[in-house]
Amino acid sequence: MADQLTSELPDRQLTRLPIQRWQICPEKPEIAQKLAIVTNISPIISQLLINRGIKTPEQVQAFLDPESLSLPSPLSEFPDLAISLELLESAIASKEKIAICGDYDADGMTSTALLLRSLRTLGALVDYAIPSRMHEGYGINKRIVEEFSSEGVKLILTVDNGISAYEAIALARELNLKVIITDHHDIPQQLPPANAILNPKLIAESSPYRSVAGVGVAYILAVSLAQQLGQARGLIQPMLALFTLGTIADLAPLVGVNRRWVKRGLQQLPKSKLAGVQALIEVAGVGGGGEGGSGGVGGQGGQRDSLETRGQRDKEKFPPISPSPHSPLPTPKSLKPEDIGFRLGPRINAIGRIGDPQIVIDLLTTDDMGIALEKAMQCEAINKQRQQMCSEIELEAIAIVETEFISSLQQDRVLVVVKSNWHHGVIGIVASRLVERYGVPVFIATYEDETHIRGSARGIPEFNVFAALEYCHDLLGKYGGHKAAGGFSLPADNLAALRKLLCEFANKSLELEHIKPLIKIDAKAYLNEINSQLYQQLNALHPCGIDNPDPVFWTPNVQVIEQQIVGKGHIKLTVAQIIDNRQFKIKAIAWRWGDYFPLPSKVDIAYKLRENNFNGNTTIELELLGVRLPKQSHLSFTSTSTPSKSTFEYNQRHYTCGIYQNGELPELRIKNSEGKVLAVCCGHQSALLGTNRQDAKIVDISQPQYDGIIKAALKALESVKS
């Protein structure tokens, strides 16, 4: 039986696995236990909150009950809010023309719709313009300013753009137009000469308003104006619906006021009186059952388009675990962030990428259900077209990387991929997929014509995209964005110099260990601990999203007992673990992991929990994010010619222990008062447990009941040596 002890468990299957780095939050059981007792929450929730930087009872209260947060007045936080209200109130009173310049993503379009609806309700003469994504790119420009001026506009209001548009804003001021900028993007070196600027990046980092997206700034402005005019009644709820759509679709952090308002909005969206919202919900089939997923929008690394990676485009059509025919479902009492992130948001974003933004503006401003349904169906069709484009461009981009850049990837630490005839509207999504695949920042672009290139960038946590663009500003035309994502244009002749400068910046910013996709893990769990009770406890963290991600757990050394390819390259599997002589099984899905099929028979897994409702049955299942081969035990000890022995107590029971030589390896033996021995060979993941070797069973020592006693034995032996 000695040979049995020194042998490994069944040979691991060698196969290709995702290249990943796992970052596991350190466990703080004593702090978590104390926080749990004081705040009357479970230890697992207190540990998850500690992982998110929430460490005091006061912070826990504010997080779990955002309505208890005492909000300062926006007027005291945004220095230019008072003058913005004054300019708008004056324009409304004197019937001056107001024009909104929006953006073509979900944040910009919901912001535009929100201000159009609210200002018209408040009596303003207001119209809007959105620049052409294909021909003009992001943000207000001189053409739009000149057009507004010729139409008799007196006040320009930018939403989700404008903070970097110095020349266009300067032209507007020369033409005697008043300008209010509402934006949330990073602050450039020189602010444009607007009459007023509302941007959370200009206020204190400690402010609860700091995290709002463009639609959040628009919401604050609209609510403040309505309250000042005494006409807020009936306006707040529809504006809150648009705020919620835009905030989640733009991947804004769900902290501060975003958490408070999104939590309200998710409850109100299903019963929203906005025809466009109801039409979107109906066409997208958002409902309570067939798809299973519940919880947050996830996202590793905060990429703007991370919601459209990992197979989400297929997730809309294919249930995670238990396939069932798609059928209309009753509207739930409350939506979840992923209902917007996976299903409503992409349908809105698709319009801005490859369609006409007016479709979404009409959808979200009409009160006619017939028109709303027509516009929602257009969103649906264009989104399917967008999905096909993304797939084709992704395959072409991967081919370029694999043939031209893969050999120098570790040296370059950044990807710059350029090809003609790609649709500029979808390359940002492809950039996110390349980040996910290769683990490096990605700058992807296409030719506008023979002499000009325009592109999108997506980063990793250790890389600041906006700082990288500023580093290369001498080579660029227009550029903008934030830490995780950005957009840029440049003369085609500058491409080689740009690639060289970005490599230089990446090598200054990144170490070699950074250039693998990062999986951030909250805590270890064993399959016997995963149940409905744990899942319900996690509801306290919702709504989850950026800066408050869905909890990620990991389980060591599980057995893959079933697996098959389903849908468009997903792996559906069942994993199992034997604990206390009982087998615990659970189903799982790995989105877009067809390249890694079949998975090895023994793996460590990282995952989120998902609730699957099928045929009236509710089960908890896993959405795999990471997988790796089980590591051999880090257990390390040496033996001497004289066996080392000691006694110790663990969980109020008495044990003896010692280290002996077993063949070529030292062996730790722990014996209880009944004569049962746990025999652990140095460096092994498995051990023997029994009264003799012939009848002993093999056990996994990474399980908590063995891990603790082994640590206690080694500590006792260490004290003998000292």
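**Figure 1. Helix 13 and helix 15 are roughly perpendicular to each other.** The model shown here is predicted. Two packed helices are described by the angle between their axes and the distance between the axes. Helix 13 covers residues 275-284, and helix 15 covers residues 337-354. Their packing angle is about 110°. The crossing of helix 13 and helix 15 is right-handed.

**Figure 2. Residues from both helices make the contact between helix 13 and helix 15.** Helix 13 contributes Leu280, Ile281 and Ala284. Helix 15 contributes Arg343, Leu344, Arg347 and Ile348. Sort these residues by class, and 5 are nonpolar and 2 are charged. No polar residues take part in this contact of helix 13 with helix 15.

Figure 3

**Figure 4. Strand 5 pairs with strand 6 in the parallel sense.** Strand 5 spans residues 178-182. How many bridges does the pairing of strand 5 and strand 6 run over? The pairing runs over 3 bridges. Find Ile180, then look across to strand 6: Ala196 stands opposite.

**Figure 5. Gly480 is a buried residue in strand 10.** Strand 10 runs over residues 479-481. Is Gly480 buried or exposed? Its relative accessibility is 11%, and buried means under 20%, so Gly480 counts as buried. Set aside the neighbours within four places in sequence, and Gly480 is in contact with Phe466, Leu469, Gly486 and Gly487. Now locate His185, which is 295 residues from Gly480 along the chain. The C-alpha atoms of Gly480 and His185 are separated by 7.8 Å.

**Figure 6. The whole protein chain has 23 helices and 24 strands.** This view sets the close-ups in context. The protein chain has 722 residues, and 57% of them count as buried. Consider contacts between residues at least 6 apart in sequence. Of these contacts, 68% join residues at least 24 apart.

How values were computed. Residues are numbered from 1 along each chain as its sequence is written. This is a predicted model: local features need pLDDT of at least 70, side-chain atom pairs count only at pLDDT 80 or more; totals for chains, interfaces and linings use all residues. Side-chain values use heavy atoms; hydrogens and water are left out. Two strands pair if DSSP finds at least two bridges between them. Helices (H or I, at least four residues) and strands (E, at least two) are DSSP runs, numbered from the N terminus. Axes are lines fitted to C-alpha atoms, for helices over the stretch in contact, and angles run from 0 to 180 degrees between N-to-C directions. Angles under 35 degrees count as roughly parallel, over 145 as roughly antiparallel, 65 to 115 as roughly perpendicular and the rest as oblique. A crossing is left-handed if the near helix is turned anticlockwise from the far one by less than a right angle, and right-handed if clockwise. Contact means heavy atoms within 4.5 Å. Ala, Val, Leu, Ile, Met, Phe, Trp, Tyr, Cys and Pro count as nonpolar, Asp, Glu, Lys and Arg as charged, and the others, Gly among them, as polar. Buried means under 20% relative accessible area, exposed over 50%, partly exposed in between (1.4 Å probe, protein chains only).
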